[in-house]
Amino acid sequence: MRTSPPHAKLPFLYKQNPIRMNSPSPERIPGDRFLHSPGPTHIPAEVLNAMHRQPMDHGDPRLEQMIAVCETGLRRLLQTDRADVFMFISNGHGAWETTIENLLAPGQAVLIPGSGHFSEQWAMQAEATGRRVVRTPCRAGYPIDANAVEAALRADKKREIVAVFAVHTDTASSATCDLQAMRAAIDAAGHSALFVADIVASLAAAPFAMDALGVNVAVGASQKGLMCPPGFGFVAVDAHAGEIAANNGAPRYYWDWRRRKAEYSYRKFCGTAPQNLLYGLEAALALIEREGIAAVHARHALLARAVQAAVECWSKEGALSLHCRVPEARSVSVTTIDVDSGIDVEALRGVARERFQVAFAGGLGAQTGRAFRIGHLGDVNAAMILGCLAGIEAAMLVQGIPFGRDGVQKAVDCLAAG
Ligand SMILES: *Cc1c(COP(=O)(O)O)cnc(C)c1O
């Protein structure tokens, strides 16, 4: 039997514009599917609603005003009074690339301390664009070793290293490094290298203060702690880094920070501004300010403790374990869980997603197929975390994975204790 399309009985106008039907998508499930990947993250209704409006013409003063509000809000969140904020229609990789292109000429060197998959990806990108990369070794399950950073800078007798690119929270290993120790390591080596921090996965989750930490460039993106859809990356650049970029003769255009120092939005974005994303950012920043940044950090810390308590309990049967070996370095944004070689991570994710409506991430890099990751950053609360953990327990039962059965209870205890 031939069935008519769902809009067949609707008025003519709606047939012409199926997008306006508001009919359920074939993917519709009752209730919400919990999104616990460490980016993209759950988007609050306020952000989605803020984006649901018509764009303005170039030159509408309200557009410039809204962009200024976003820039000021980002500066406040980064805790900087002095940095310039440049935004790009891109993802985090774009924000990485603009940092490479502006700070280093081809052939120049950057020190990228090993944090895991993300430091290695950034390093490969720098090499692919013709820069030289000095690496410090990455030890699986451990954050960046500040002593190794100091040693690498001391060994740079000819002072060829232009910058240190440090990933604050490596989203693959779920370890957060100590940026203050890294700043101290650069200073102790007496090296003039710029200090660049990738805070894509830690911003609006873990404490970060750009000026106080002596960070010259901070690199971020929209779809993690910022609770926005994927689609824009940004950098905050202090005067010192801005000067180095201005004197860097490397050819570049779209990514060039000099071109972004402009009043008019069309110049500032090197073309049309992503207005609807910016409406979303404006709303997200307002939510963070309303909650209070200290409260946002405390909420992330508590939810992370609950997840870790559950995973520690799950680990008792020997099939799973927390990837990050250093308790104080465990990220408040994401938790990586190593699994036994017999466990099919993709099958587990599939069951959790399709039967229990809990979506989480797999392992990356060396952990591909050997770990899964729970994102607990952005617009998340206790109930969502408990639902996520319980859904994963249900999926582990279906898959016959042995785990300590009191994981959710441990998380409840942790949340109740506050
Ligand atoms: C997600 C992420 C990136 C890359 O962001 P994309 O938007 O996926 O390109 C870079 N660094 C860190 C730490 C991340 O978590």
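1. Crossing of α6 and α7. In this predicted model, helix α6 passes α7 in a right-handed crossing. Eight nonpolar and two charged residues make up the contact of α6 with α7, with no polar residue among them. Helix α6 covers residues 146–154, and its axis lies 8 Å from that of α7, at an angle of about 25°. The two helices are therefore roughly parallel, as angles under 35 degrees are counted that way. On the α6 side the contact uses A146, V149, E150, L153 and R154. Their partners in α7 are A181, M182, A185, I186 and A188.

2. The largest pocket. Helix α7 also has a part in the largest pocket: residues 179–188 form this helix, and four of them line the pocket, the largest share of its lining. The pocket holds about 390 Å³ of space. Its lining has 20 residues, and those nearest the centre are H168, T176, C177, D178 and E328. Sorted by class, the lining consists of 13 nonpolar, four polar and three charged residues.

3. How many cavities of 30 Å³ or more does a search of the whole structure find? The search finds one. The largest cavity contains about 30 Å³ of space. Lining the largest cavity are S174, Q308, L322, C324, R330, S331, V334, T335 and T336. Strand β12, residues 334–339, gives three residues to this lining, which is the largest share. The class division here is three nonpolar, five polar and one charged.

4. Packing of α13 on α15. Helix α13 spans residues 293–314 and packs with α15 at an angle of about 20°, the axes being 10 Å apart. This angle makes α13 roughly parallel to α15. The crossing of these two helices is right-handed. From α13 the contact takes L303, A306, V307, A310 and W314, and from α15 it takes A382, I385, L389, I392, E393 and M396. Ten of the contact residues are nonpolar and one is charged, with no polar residue.

5. Packing of α14 on α15. Helix α15, residues 382–398, also packs with helix α14, residues 345–356. The angle between them is about 120° and their axes are 9 Å apart. The pair is therefore oblique. The crossing of α14 and α15 is right-handed. In α14 the contact residues are L348, V351, A352, R355 and F356; in α15 they are G391, A394, A395, M396 and V398. By class they are eight nonpolar, one polar and one charged.

6. Backbone points to check. Which peptide bond is cis, with omega near -5°? It is the bond from G39 to P40. P40 sits in the loop that runs between β1 (34–36) and α2 (45–51). A further point concerns Q79, a residue other than glycine, where phi is positive, near 55°. Q79 belongs to the loop between α3 (61–78) and β2 (84–89).

Terms used. Residues are numbered from 1 along each chain as its sequence is written. This is a predicted model: local features need pLDDT of at least 70, side-chain atom pairs count only at pLDDT 80 or more; totals for chains, interfaces and linings use all residues. Side-chain values use heavy atoms; hydrogens and water are left out. On a 1 Å grid over the protein atoms alone, a cavity is a set of points where a 1.4 Å probe fits but cannot get out, and a pocket is an open set with protein on both sides within 12 Å along at least five of seven lines; lining residues have an atom within 4 Å of a point. Grid points are joined across faces, edges and corners, and a volume is the space filled by probe spheres set on the points. Helices (H or I, at least four residues) and strands (E, at least two) are DSSP runs, numbered from the N terminus. Ala, Val, Leu, Ile, Met, Phe, Trp, Tyr, Cys and Pro count as nonpolar, Asp, Glu, Lys and Arg as charged, and the others, Gly among them, as polar. Axes are lines fitted to C-alpha atoms, for helices over the stretch in contact, and angles run from 0 to 180 degrees between N-to-C directions. Angles under 35 degrees count as roughly parallel, over 145 as roughly antiparallel, 65 to 115 as roughly perpendicular and the rest as oblique. A crossing is left-handed if the near helix is turned anticlockwise from the far one by less than a right angle, and right-handed if clockwise. Contact means heavy atoms within 4.5 Å.
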